[in-house]
Amino acid sequence: MNTLFLLLALIAAAAWITSTVTLRMKALERRADGLERRLGLVLDHFGIEKPEPAGLDEVRALVRAGRQVEAIRVHRRVTGSGLLEAKQAVEALTDQPA
């Protein structure tokens with residue numbers, strides 16, 4: 001009986017910790033998004049363009065070679081973007097004239 005009680009207590013503690021961490025992560029993501037928007041406004045105000053990640057030339061070369069899947073993979077690695085964002089970026093490059 002003590003083992004069952006201990007197991008239930010551990011499960012409850014793990015659930016509480018998980019929910020607390022999840023809420024904190026969401027708050028940090030909202031804060032980071034706000035800071036990113038503000039930084040964008042400051043950069044726009046002063047006419048400063050964001051530097052382009054170093055590996056995008058490789059992504060463009062892969063797109064020109066018709067290797068979209070590899071281009072998406074490289075784009076994700078270089079920019080840290082998600083799959084959908086990288087796919088949309090590569091598709092936008094595909095639509096551009098050579």
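Visitor: Why are α3 and α4 called oblique to each other?
Guide: Their axes cross at roughly 125°, and oblique covers whatever is left once you take out under 35 degrees (roughly parallel), over 145 (roughly antiparallel) and 65 to 115 (roughly perpendicular). So α3 and α4 count as oblique. The two axes, lines fitted to C-alpha atoms over the stretch in contact, with angles from 0 to 180 degrees between N-to-C directions, come within 9 Å. On the α3 side, Gln68, Ala71, Ile72, His75 and Arg76 make the contact (heavy atoms within 4.5 Å); on the α4 side, the residues include Leu83, Ala86 and Val90.

Visitor: What am I looking at here, an experiment or a prediction?
Guide: This is a predicted model, where local features need pLDDT of at least 70 and side-chain atom pairs 80 or more, while totals for chains, interfaces and linings use all residues. Residues are numbered from 1 along each chain as its sequence is written, and side-chain values use heavy atoms, leaving out hydrogens and water.

Visitor: What makes His75 buried or exposed?
Guide: Buried means under 20% relative accessible area, exposed over 50%, and partly exposed in between, using a 1.4 Å probe and protein chains only. His75 has 9% relative accessibility, so His75 counts as buried. His75 lies in α3, and beyond four places in sequence it touches Leu56, Val59, Gly80, Ser81, Ala86, Ala89 and Val90. Ala86, for its part, is in contact with Ile72, His75, Arg76 and Ser81, again skipping neighbours within four places.

Visitor: Which residues make up the largest nonpolar core?
Guide: A nonpolar core is a set of buried Ala, Val, Leu, Ile, Met, Phe, Trp, Tyr and Cys residues joined through side-chain atoms within 4.5 Å. Here there are 10: Leu56, Val59, Leu62, Val63, Ala71, Ile72, Val74, Ala86, Val90 and Leu93. Helices α2 (56-64), α3 (68-79) and α4 (83-95) each give two or more, with the largest share, 4 residues, coming from α2.

Visitor: How do you know that the span of α1 agrees with what it should be?
Guide: A helix is a DSSP run of H or I, at least four residues, and its expected span is 1.5 Å times one less than its number of residues. With 44 residues (2-45), α1 should span 64 Å, and its end C-alpha atoms are 64 Å apart, so the two agree. Just after α1, Gly47 takes a positive phi of about 70°.
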